Amino acid sequence: MSLEASSEQFWLFGYGSLIWKPPPHFDRRIPGFVTGYVRRFWQASQDHRGTPEAPGRVVTLIERSYWEQLTDHHDSAPERVWGVAYRIIPEHVAEVKDYLDIREINGYTIHYTPFHPAPGVDPATLPSQVPIRTLVYIGTPENDQFVGPENPQQLVDVIFRSHGPSGPNPDYLFGLEKALDDLSPESGDEHVTDLSNRLREMISAQQQEHLGPVTDSPQQHHFRRAGSVDGQEETEKAS
Ligand code: BEZ
């Protein structure tokens with residue numbers, strides 16, 4: 001039975017930009033985590049944070065058992081991949097699925113995974129069955145945009161210089177770092193933190209080299225503007 005045709009609730013798990021750029025028509029946003037995956041900036045982005053000629057990098061989920069067989073410079077990863085689950089208002093499920101298909105295309109495919117609400121979430125906001133069955137978009141290793149393990153400095157070099165229709169790639173990395181910080185004291189992710197620290201160093205070095213001792217980089221400035229005014233930049237393409 002399709003989700004549209006079923007009477008069950010439709011919940012969506014976000015582990016990337018969906019954390020801070022919610023889908024339309026949700027009535028619940030629950031922080032929590034999934035297990036059995038590792039979050040990595042291993043998906044090339046030609047349509048949001050880069051272009052076909054110069055793809056940026058965005059996150060995908062890697063099955064942990066597969067990741068454990070790989071050589072990754074970031075050789076540890078939290079057992080829990082933190083993010084948020086959104087419940088979509090039943091009358092809008094078909095519309096939101098159409099919207100997400102447009103928004104999340106570019107190699108991502110639909111999967112389902114059990115979602116565990118964070119400790120302390122009000123039980124009254126949860127469905128009767130927990131963990132919650134959630135739909136999640138994953139760029140699997142078979143998709144054309146999947147990049148796989150990269151040296152962290154090379155990876156952050158790509159993020160540093162990439163820009164796409166949804167804005168600068170650095171804004172995405174810093175947006176994810178902040179969104180994770182805001183979720184829970186436990187929601188840190190060393191991969192994201194290390195890349196963010198490297199990116200800050202690059203921005204700072206660029207400032208020293210070209211601009212002298214200024215207090216704000218174009219990327220940081222842009223990020224604050226985008227974050228403070230409107231959290232929906234990635235939704236613009238679909239509207
Ligand atoms: C997410 O935020 O979970 C997400 C966004 C775009 C593609 C895949 C996942």
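Student: Which strand does Thr-60 lie in?
Tutor: Thr-60 lies in strand β4, residues 56-63. Strands here are DSSP runs of E with at least two residues, helices are runs of H or I with at least four, and both are numbered from the N terminus. The model is predicted: local features need pLDDT of at least 70, side-chain atom pairs count only at pLDDT 80 or more, and totals for chains, interfaces and linings use all residues. Residues are numbered from 1 along each chain as its sequence is written, and side-chain values use heavy atoms, leaving out hydrogens and water.

Student: Is Thr-60 buried or exposed?
Tutor: Thr-60 counts as buried because its relative accessibility is 0%. Buried means under 20% relative accessible area, exposed means over 50%, and partly exposed is in between, using a 1.4 Å probe and protein chains only.

Student: And what about β4 as a whole?
Tutor: Seven of the eight residues of β4 are buried, so the strand is largely enclosed by the rest of the structure.

Student: What does the side chain of Thr-60 reach?
Tutor: It reaches the backbone nitrogen of Gly-139 at 2.8 Å. This is a polar contact, a pair of N or O atoms within 3.5 Å; within protein, one must be able to donate a hydrogen and the other to accept it, and residues adjacent in sequence count only if both atoms are side-chain atoms.

Student: Which strand is joined to β4 by bridges?
Tutor: Strand β3, residues 37-45, is joined to β4 by seven bridges, and the two run antiparallel. Two strands pair if DSSP finds at least two bridges between them. Within this pair, Gln-43 stands opposite Val-58 of β4.

Student: What does Thr-109 touch?
Tutor: Not counting residues up to four places away in sequence, Thr-109 touches Val-136, Tyr-137, Ile-138 and Thr-140; contact means heavy atoms within 4.5 Å. Thr-109 and Ile-138 are 29 residues apart in sequence, and their C-alpha atoms are 5.5 Å apart. The side chains of Thr-109 and His-111 are joined by a polar contact of 2.9 Å.

Student: Now the helices: how do α3 and α4 pack?
Tutor: Helix α3 and helix α4 (residues 169-183) pack at an angle of about 115°, with axes 6 Å apart. The axes are lines fitted to C-alpha atoms, for helices over the stretch in contact, and angles run from 0 to 180 degrees between N-to-C directions.

Student: Which residues make that contact?
Tutor: Val-156, Val-158, Ile-159 and Phe-160 of α3 meet Asn-169, Pro-170 and Leu-173 of α4. In α3, residues 152-161, the buried residues include Val-156, Val-158, Ile-159 and Phe-160.

Student: Which residues touch the most other members of the largest nonpolar core?
Tutor: They are Tyr-15, Phe-41, Leu-61, Leu-173 and Leu-199, in a core of 51 residues. A nonpolar core is a set of buried Ala, Val, Leu, Ile, Met, Phe, Trp, Tyr and Cys residues joined through side-chain atoms within 4.5 Å. Seven residues, the largest share of this core, come from α4. A second, separate core has six residues, among them Val-38, Trp-42, Trp-67 and Phe-146.

Student: Finally, how many helices and strands does the protein have?
Tutor: The protein has six helices and nine strands. Of its 239 residues, 51% are buried.
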